[in-house]
Protein chains: 2
Amino acid sequence: MTHLVSHSRRLRDTPFTPGVEASGVTGYTVYNRMLLPTIFESIEADYRHLKSHVQVWDVSVERQIELNGPDALKLMQKLTPRDLSRMQSDQCYYIPVVDENGGMLNDPVAIKHDDTRWWISIADSDLLLWVKGLAVGAGFDVRVFEPDVSPLAVQGPKSDALMEKVFGSVVHDIRFFRQKRLAFGNSSFIVSRSGYSKQGGFEIYVEGSENGMPLWDALFSAGKDLDVRPGCPNLIERVEGGLLSYGNDMTRDNSPFECGLGRFCKPAEGSDFIGRNALEAEAGTGPSRQVRAVSIAGDPIRPPRNAWPLIKGDQKVGQITSAAWSPDFGTNVSIAMVDKDHWEAGTELMVETPEGPRDAVVQEQFWK
Amino acid sequence: MTHLVSHSRRLRDTPFTPGVEASGVTGYTVYNRMLLPTIFESIEADYRHLKSHVQVWDVSVERQIELNGPDALKLMQKLTPRDLSRMQSDQCYYIPVVDENGGMLNDPVAIKHDDTRWWISIADSDLLLWVKGLAVGAGFDVRVFEPDVSPLAVQGPKSDALMEKVFGSVVHDIRFFRQKRLAFGNSSFIVSRSGYSKQGGFEIYVEGSENGMPLWDALFSAGKDLDVRPGCPNLIERVEGGLLSYGNDMTRDNSPFECGLGRFCKPAEGSDFIGRNALEAEAGTGPSRQVRAVSIAGDPIRPPRNAWPLIKGDQKVGQITSAAWSPDFGTNVSIAMVDKDHWEAGTELMVETPEGPRDAVVQEQFWK
């Protein structure tokens, strides 16, 4: 069943929308109340090209939250169990953000300008309201706002080659989850080696909407001989790689331990981050369910719109939250949340899809 | 240019989605990370039917925030400039919610169960995070969460007739913006005389997702001789009536005075609601721009995806944020934010649409 998007100002365009639409985008989702492309040629064709060449992705939906003021670091450390005390100013930190019950509110990336100025590059929830609410409620001396910053990603095996053409050979010096400020025209942007694929690449934090299309055009002009194309986070590739999607694979009902993010939950001694009591209790016992890679037997499935129950005998023991047919691995791949007693690799389960039951097997790891 | 919605768990279905899709919905928007139908037959046909008969609308996207605990009333009164002290327990209150700068965060409707238990029926922002953030930051003794409640609206001139068939003649006793708890099967739901149209009708706060389709089916079964149809907030009808849409016609950049909501900004003596200083300052001078009805000349326009600049001479003096062709009034109708020096009724302006300039005239009031 297909449905059209009804456009309105409420589903915000991005600085790159003119380029995206001139390139023939055919599908959108809405993410942080903004348009996120989902399909250009087809999910399968986009996938094949992403794994072979280089793509430019409009990921403006990764909105930034700026914390600016004397209490910025103190507030940042309230937000997350991850210890930020040794973070270098050129590092990008993946930080689970949890509520007072330890439930995931977002899984953003933090960028440190200095102790008094931070950006949080968010997944799909209005985390701005949480951060502002805390700051106002607790009387912190910090301004919290959404700056005019729209990330553009360059992803795929030829990313370094394309980026060198536009930003120079300095791009090769940027290590994984590190960033540098690089010049573009009369501006300069933070460029990080990061992105929502397993194919390598960069994210460019474009400051000033007016700089969006000039950068877009420069990348496409420089990348002609690399077969650069517009792209977007690809469902098949991200499920193969086990890249979780907030709102799909985790929600407020999940703790970071359930999401496999326990390694980011080692707070500094004495940290009073929000949710500490809940996470400490769970750290003692361990989670009762956790994210797993699960293969689904049979013909290519239609990707789920809802969580699909995972069944053992007559008992629900988990759910599949993202799934797609993988051409490269010749199976349906999925991301699931599976109860502890059934999460061992090799466990055989049944999944209830809208088109009938299928056999499913818990995997040792995601596909690579 | 048309684009498909890419469905995923992140764009949540509602308890009524099976009914909506069986009825042939053709367009969706996303609102509070949930699907909101936008078109069934066509916007024009849906409009004509809404104004003549009765429709059932899936407005589950009006998510509820529950405040539950000893500090619920104190927190509620922190959220809004509107004085809640004399609110009766059967009233529904439209309450602007503003941030520390007086910027609109949401324009929800509050429902009071008692002083210690409230619902906030929200427009399109994750207001839950703001309310939780404030409560946690300030150490309030209150639980804040999203209960399993999905509103279903009955709208149109035959609403009373349809509602009587399902809930009994008691529905006629419910006055505008008042509510009663009415029985349905083994459940009971809060039913209010309210809704996002000017055609009259009710909203039913359906508690328990499992009760959604039984109520949907009961309404359609009872309404056969009334020509009941599925519907949704209708762009033409809401612009004619001047019903503002958060995210379209107002954002965090706007104060309640700019949105024409000054009558809800008369706080109780001594109230320390958030944003008080900013709103008091603006109450003294009055807003520098405000919402206005603006007619746009010429052929039927294509509704805007973005704000369209309003021009006088060579100066931008406002913007149009929602617009549509009105068959009943034979003109393009719009909602605009217009600068003070140009907001008088009869002022002639020019609007820059993507398809060229059009003449526009500020109206005395919306169309009715």
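How do strand E9 (residues 109-114) and strand E10 (residues 117-121) of chain A pair, and over how many bridges?

Guide: A word on confidence comes before the details. This is a predicted model. Chain A has a mean pLDDT of 97. In that chain, 100% of the residues reach 70 or more. For the complex, the predictor gives an ipTM of 0.97 and a pTM of 0.97.

Now the pair you asked about. E9(A) and E10(A) run antiparallel, and five bridges join them. Start at A:Lys112 and look across to E10(A), where its bridge partner is A:Trp118.

Helix H3 of chain A, residues 72-79, packs on the sheet that holds these strands. H3(A) touches E9 and E10 of chain A, and also strand E5 (64-68). The direction of H3(A) makes about 135 degrees with that of E5(A).

Next, the whole sheet. It is open and has five strands. Read across chain A, the order is E6-E9-E10-E5-E11, with antiparallel pairing. The edges are strand E6 (92-94) and strand E11 (143-145) of chain A. Each has a single partner strand, so one side of each is left without a neighbour in the sheet. Ignoring direction, neighbouring strands here are turned by 20 degrees against each other on average.

Compare that with another arrangement in chain A. Six strands close into a barrel, in the order E17-E20-E19-E18-E21-E22. Pairing in the barrel is antiparallel. From one strand to the next, the twist averages 40 degrees. Within the barrel order, take E21 (residues 348-353) and E22 (residues 356-362) of chain A. Six bridges hold this antiparallel pair. A:Glu348 in this pair stands opposite A:Val361 of E22(A).

E21(B), residues 348-353, pairs with E22(B), residues 356-362, in the antiparallel sense over six bridges. A hairpin of two residues joins these strands of chain B. Here B:Leu349 has B:Ala360 as its bridge partner in E22(B). E21(B) also pairs with strand E18 of chain B, residues 308-312. That pairing is antiparallel, with two bridges. In it, B:Leu310 faces B:Val351 of E21(B) as its opposite residue.

Back to chain A, for two of its helices. H5(A), residues 159-167, meets H6(A), residues 212-222, with axes that come within 9 Å. They cross at roughly 120 degrees. The crossing is right-handed. H5(A) brings A:Leu162, A:Lys165 and A:Val166 to the contact. H6(A) brings A:Ala218, A:Leu219 and A:Ala222. By class, that makes five nonpolar, no polar and one charged residues.

Last, the place where the chains meet. In all, 47 residues of chain B are in contact with 47 residues of chain A. On the chain B side, the elements that give two or more residues are strand E1 (4-5), strand E2 (27-31), strand E3 (34-39) and helix H4 (127-138). H4(B) gives the most, with 10 residues. This side of chain B divides into 19 nonpolar, 17 polar and 11 charged residues.

Strands also pair across the two chains. E2(A), residues 27-31, and E1(B) run parallel, joined by two bridges. A:Tyr28 has B:Val5 as its bridge partner in E1(B).

Then look at the H4 helices. H4(A), residues 127-138, packs against H4(B) at an angle of about 25 degrees. Their axes are 7 Å apart. An angle under 35 degrees counts as roughly parallel. H4(A) and H4(B) are therefore roughly parallel to each other. Their crossing is right-handed. Among the residues of H4(A) in this contact are A:Leu127, A:Trp130, A:Leu134 and A:Val136. H4(B) contributes residues including B:Leu127, B:Trp130, B:Leu134 and B:Val136. By class, the contact between these helices has 14 nonpolar, four polar and two charged residues.

Conventions
Residues numbered from 1 in each chain as written. Chains lettered and ligands numbered in written order. Predicted model: local features only at pLDDT ≥ 70, side-chain atom pairs only at ≥ 80, totals over all residues. Contact = placed C-beta atoms within 7 Å. Helix = DSSP H or I, 4+ residues; strand = E, 2+ residues; numbered from the N terminus. Nonpolar A, V, L, I, M, F, W, Y, C, P; charged D, E, K, R; others polar. Pairing = 2+ DSSP bridges. pLDDT = per-residue confidence, 0-100. Axes fitted to C-alpha atoms, helices over the stretch in contact; angles between N-to-C directions. Parallel < 35°, antiparallel > 145°, perpendicular 65-115°, else oblique. Left-handed = near helix turned anticlockwise from the far one by under 90°.
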